[in-house]
Amino acid sequence: MAWFKRSPWMIHYNATSCNGCDIEVFASLTPLYDLERFGIINTGNPKHADILAVTGSVNEKSTQVVKNIYEQMPNPKVVVAIGLCAISGCVFQDCYNVLGGVDKVLPVDVYVPGCAARPEAIIDGLMKACDVLEERYAEGKAAKRRVQGL
Amino acid sequence: MNIIQETYQSLSLVERMVAFVVLAPLLGGLLAGIDRKLSARLQGRYGPPVRQPFFDALKLFQKERVVVNRAQNFPIFLFLLFTVFSGALFFAGADLLLTVFCLAVAGTFLVLGAFCVGSPFSHLGAEREVIQMMAYEPMVILVAVGMYQVTGSFKVADIAQHQMPLLFHLPGVFAGFLFILTIKFRKSPFDLSMSHHAHQEIVRGLTTEFSGPALALIEIAHWYENVLLLGIVYLFLGSNPLLAVVMALLVYFLEIFIDMNYARFKWQLTLLSSWLITAVVAVPNIIVLSTLR
Amino acid sequence: MYPLIFLVLFPLLIAFLALALPRGLLIKKVIGVLANAVLCGVPVYLLVAHLGQEATYYQAKSHLVDAAMPLIEVVIAVYLIYVSVRSRRYLPVLLVVLQSVAILAFEFTGGHTLEVEHNLFVDQFSIIMALIVGCIGGAICLFAFGYMPEFHHHYQEVPDRRRYFAFLLYLFLAAMFGIVFSNNLMWIYFFWEITTLCSFLLIGYKNDKPSQDSAFKALNMNLIGGVAFAVGLVYLYNASHVMELDKVLGLDKGMVLLPAVCIVFAGLAKSAQFPFSSWLTGAMVAPTPVSALLHSSTMVKAGVYIILRLAPVLQNTAASKVLTMIGGVSFLITALIAVSQRNAKKVLAYSTISNLGLIVACAGVNTDAAVWSALVLIIFHAVAKSLLFLCVGVIEYKVGSRDIEDMDYLIMRMPKLATCMLIGMAGMYIAPFGMVIAKFATLKAFVNESPVMTVILAYGSAATLFFWVKWMGKVMSIKGGASLEVVEDRVSRWEWTTLGILAAATVAVCVAFPFIAFQVINPYLREVFGQAPIVDTFNVYVILILMISLWIVLPLGLLYYRTLGKGIRTVATYLGGGNIDDVSYEGAMGKVGEIEIKSYYMEKYFGENVLFPVGVYLALTFVFIMFGVAAL
């Protein structure tokens, strides 16, 4: 059943962003845009989360942290890169410390463009992430059945 | 009005327990959903659908099982078992004091599970949970004592069928109980140990290191506990079942309202205010009742 | 009658053997094991033999004993004076002199006309106490075999007086048997003084300044109790010409209320109730077997034993209500103080005083339900607390500290010992174990008689919950991913056997509880009150179901989670994403930090220096009121 679509819990991590996209993410949680009506809760704990929303590009320090958080999330999980910096590093991609977008470190499933990304876009991206979650879950179950069948 | 009492009496002990075990999570989940919807509306937003807690629980059951150490989920299972057992005892009409003690044991298991994980956030949540338990335990015992003093019996079945509304004899006890009910429901200002849904406190406090099915079990256990607590509120007006049910729901809405209005207290204020309110409001009630006998 | 006399004299024989035989002989260990088996076996025989019977009284007249007792008392008095003068402490001298004057004056005036019909007796309550003294005392003596070598290894500067230590332990056991089987109050007083002496000598075993200070504090307080006891006895005889326990209970209250209150006061001192609690917390400097034997399971129980015996004399008087308050104050304040204590032995000491306070309060209320609760409390507390003390004793040497904060991850470092500790702690406060049955029954007993005690019990059990859960959590914490050195392989076999016996006893006493309640406690209550409390059978079934299911579910569940749970993915704890492993993280500026997890102690609110004086002053006030009410 499509429970992941009904109740996707999100953890938001700020890699090196200017906080612009972060503010937009939190704005999505406010009554004006209200992410909670989709069942999305912003939990600060990777072990409770399904969606990892990353803002900002990654550098040496945040690589370790973002991998750590990703590992602690139980499957199925998706990664959403919010904002241009998370997608590719944007204007900072040639800086000495910036590695680039999040997909240099993690497998990203949904890219939400914008600088800063608008709440409507963020919501759209998270909804797409829910679909990806459902696919992941179905794949995972099929894989398990194959392993057990063998 | 008598339909409720008649149905209750027509069921046997085992049937009552089974009815509780099956129906309580449905009712509890619905109450949790109404809580979230109402909170959202009070904040001027749409909020999730009322069935959202069920979606959450079902989703959590589908998640991968991830643990920090292999022993951590076993106390959670015991927590659920004991909470269900306390509720079943209560609705079967058994001894109220036994129910209270059983519930305390259940809470202990939850705390021990959080302690055994060895994580700082979990530990802090567990310490605060124990402080919360210490804060509400006197009042809960005094509720049982007060009900005994009025009806002459500790048995829930007898208390529920007492002819006079207990509320008239136990106003102080009721007021004190309402105060600590906020702690038991884990609502602001007393949600120090674990945060429900949108609130956050020390990451997730008690439940930080639990995920997937274990977390779902904690949620469901809280639904059982909430139904049990509303059942205790019901007892205060047991002579008029319909009014009692309405009052229980009103109390629940009051808790939601308090939640929306208050910010979190510090643990010192929680502990001291609970003990002080118990001493000032409930203890005189008990003493007056004992002198009247 | 002969088993009773045997139980008093046999430990005495063993004591002298322990002193006389040179150290290290194998035969000593054999004798020790046999002796302890006998000390367990004879009370069990008594239990079976007296099942369903009423109290039996024996004349047991002996001119030798009658002559020897005053002589021995004089010897003890002289010795105590000598030791006190040598340490330049003069309060004990004063107290001993007062006591001796009272007793000697009595012996030479009224003592001639003293006619005692029955010197010894046995009833179900005595048998319960004898079982505790014999089985638990025997187990602790066994523990000492393994513990004392390690003690001396750690404290090289303490002179090795192990034979003297063993002598004192068995002498003490003999004296305890004497107290619980004596009907003659003068005999009880004699054995009482011997326990005071043993306690004093055992606390001071280490012979350094803190031990000596604590020993003399204990001596002073117990001697104050002793003076009260002596004065009470003299007054009693002058008022009523009766010196026997069973006869005192039958006398007119007006005559014997004041002496009874004096003896109750002595019991309060011996059980370390407020205002006398500081001797027990100070006595924790003694070696662990001393703490376990004297200061948790047996000697302090002698105090509540005599209070429970004399409670019918105080019944329905104002003095009884005040006694309840003294017990209540001790119960509540020590439960609150225990929240703030980090020293494991002090936590156990305060918990002991707390439980004894509850027993004293039950004695003050003195209905059949209250005394039922008191007896249940005595049994369960003795078993669980001695287990905990012994565990802490072992932990102290293996972990190197008595501080609870150093017992992190104990279940990984010392799995078997941690399991024993968890059983003991569970026995102290978790339903459906004994203490909760006792608290449950106590609440019901108080609810009709004393609303203030009900409130005190409500607050006290909340505080109790806090410190036990906190400690249990500390012991149970698991360090993910790390392997810690297991330090328990160097625990001696003697210690393991005893811990195993006591842990099994904790469980057995819970399972055998219906038998104990219906066959042993209820007949006693029927004798004393004419009725026994009617227990709700449904509740009994529920509690039994809970107990049995826990015993089944717990091991099965642990097994399941250890074996079948192998395929589950493990991750690190959440440390903000900066995990290096489960316990260390990379912080600001790349600095590596390790997590430190400490518990809450809330010293500002529950600290000893805050609450202890409150308890002392309150209790002192109540003591004065009690005496005043009794005198009028």
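Predicted model: local features only at pLDDT ≥ 70, side-chain atom pairs only at ≥ 80, totals over all residues.
In chain A, five strands form an open sheet in the order β2-β1-β3-β5-β7, with parallel pairing. The edges of this sheet are formed by β2 (41-42) and β7 (110-112) of chain A, each of which pairs on one side only. Strand β1 (residues 9-14) of chain A is joined to strand β3 (residues 51-55) of chain A by five bridges in the parallel sense, and within this pair Ile11(A) stands opposite Leu52(A), while Asn14(A) stands opposite Thr55(A). β3(A) also runs parallel to β5(A), to which five bridges join it; here Ile51(A) has Val78(A) of β5(A) as its bridge partner.

β3(A) is mostly covered, five of its five residues being buried. The covering extends to both faces of the strand, with Ile51(A), Ala53(A) and Thr55(A) buried on one side and Leu52(A) and Val54(A) buried on the other.

Between the chains, 18 residues of chain A are in contact with 26 residues of chain B. Helix α1 (residues 3-6) of chain A contributes three residues, the largest share of the side of chain A that touches chain B. By residue class, that side of chain A comprises six nonpolar, seven polar and five charged residues.

Notes. Residues numbered from 1 in each chain as written. Chains lettered and ligands numbered in written order. Contact = placed C-beta atoms within 7 Å. Helix = DSSP H or I, 4+ residues; strand = E, 2+ residues; numbered from the N terminus. Nonpolar A, V, L, I, M, F, W, Y, C, P; charged D, E, K, R; others polar. Pairing = 2+ DSSP bridges. Buried ≥ 20, exposed ≤ 12 C-beta atoms within 10 Å, placed from the backbone.
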